[in-house]
Amino acid sequence: DLAASEAVKWSSDAQLVFIKSLGAVTLEGKSSQWQIVFSSKNKKGMGYEVIVQKDLIVSQKEIASTAIGGTIPANFSDRDSSWALGQLAAIPQFQTASISAIVFSYNPDAQGWDYIIPNSFGKSAVRVR
């Protein structure tokens, strides 16, 4: 919410492209720092990046980007990073995996959202429905 309010100041039609952890990720889906990127149809070829640490914005700037964002799903509050990690942990072979990051990103081809979770076994994806 903190980053989204800043993105709307940048462009009234700002849409979320992705949220990426920048620090270590706990089993609860927490990280000390997050990179959040937005797109805008009104600002072709540009995006807006916000870095959040705890509850503070530590950086925000316009960036070159052709990425496409989407509307945040209504069930996002029920499908947060801890939910995504729980989905992965429910698969027996991933119960011992170490997680190196977590990315919540819009897939414009599927017109949906995915969590991409790099881990000690490779990368795994969890679709938000």
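Rings of Phe, Tyr and Trp (for Trp, the six-membered ring) are taken to pair if their centres lie within 6.5 Å; planes under 30 degrees apart count as stacked, over 60 as edge-to-face and the rest as tilted. By this criterion, ring pairs link Phe 76, Phe 104, Tyr 106, Trp 113 and Tyr 115 into a cluster. The model is predicted, so that local features need pLDDT of at least 70 and side-chain atom pairs count only at pLDDT 80 or more, whereas totals for chains, interfaces and linings use all residues. Residues are numbered from 1 along each chain as its sequence is written, and side-chain values use heavy atoms, with hydrogens and water left out.

Six aromatic pairs are present in the structure. One of them, formed by Phe 104 and Tyr 115, is tilted, with 4.8 Å centre to centre and 45 degrees between the planes. Phe 104 belongs to strand β5 (residues 103-107) and Tyr 115 to strand β6, so the pair ties together parts that are 11 residues apart in sequence. Strands (E, at least two residues) and helices (H or I, at least four) are DSSP runs, numbered from the N terminus. Burial is expressed as relative accessible area, with buried meaning under 20%, exposed over 50% and partly exposed in between (1.4 Å probe, protein chains only). Phe 104 is buried at 2%, and Tyr 115 is buried at 3%.

The structure also holds four salt bridges, each defined as a side-chain nitrogen of Lys or Arg within 4 Å of a carboxyl oxygen of Asp or Glu. In one of these, Asp 114 is joined to Arg 127, the closest N and O atoms being 2.4 Å apart. Asp 114 is buried, with a relative accessibility of 9%, while Arg 127 is partly exposed at 30%. The strands that carry this pair, β6 and β7, run antiparallel and are joined by seven bridges; two strands are said to pair if DSSP finds at least two bridges between them. Ile 117 has Ser 124 in β7 as its bridge partner, and a hairpin joins β6 to β7 through two residues.

A salt bridge is also formed by Lys 61 and Glu 49, with 3.8 Å between the closest N and O atoms. Lys 61 is in strand β4 and Glu 49 in strand β3, so this pair ties together parts that are 12 residues apart in sequence. Lys 61 is partly exposed at 43% relative accessibility, whereas Glu 49 is buried at 11%. The side chain of Glu 49 additionally makes a polar contact of 2.7 Å with the side chain of Gln 35. A polar contact is a pair of N or O atoms within 3.5 Å; within protein, one must be able to donate a hydrogen and the other to accept it, and residues adjacent in sequence count only if both atoms are side-chain atoms. Gln 35 is placed in strand β2 and is buried at 15% relative accessibility. With contact meaning heavy atoms within 4.5 Å, and not counting residues up to four places away in sequence, Gln 35 touches Phe 18, Ile 19, Lys 20, Leu 22, Glu 49, Val 50 and Ile 51.
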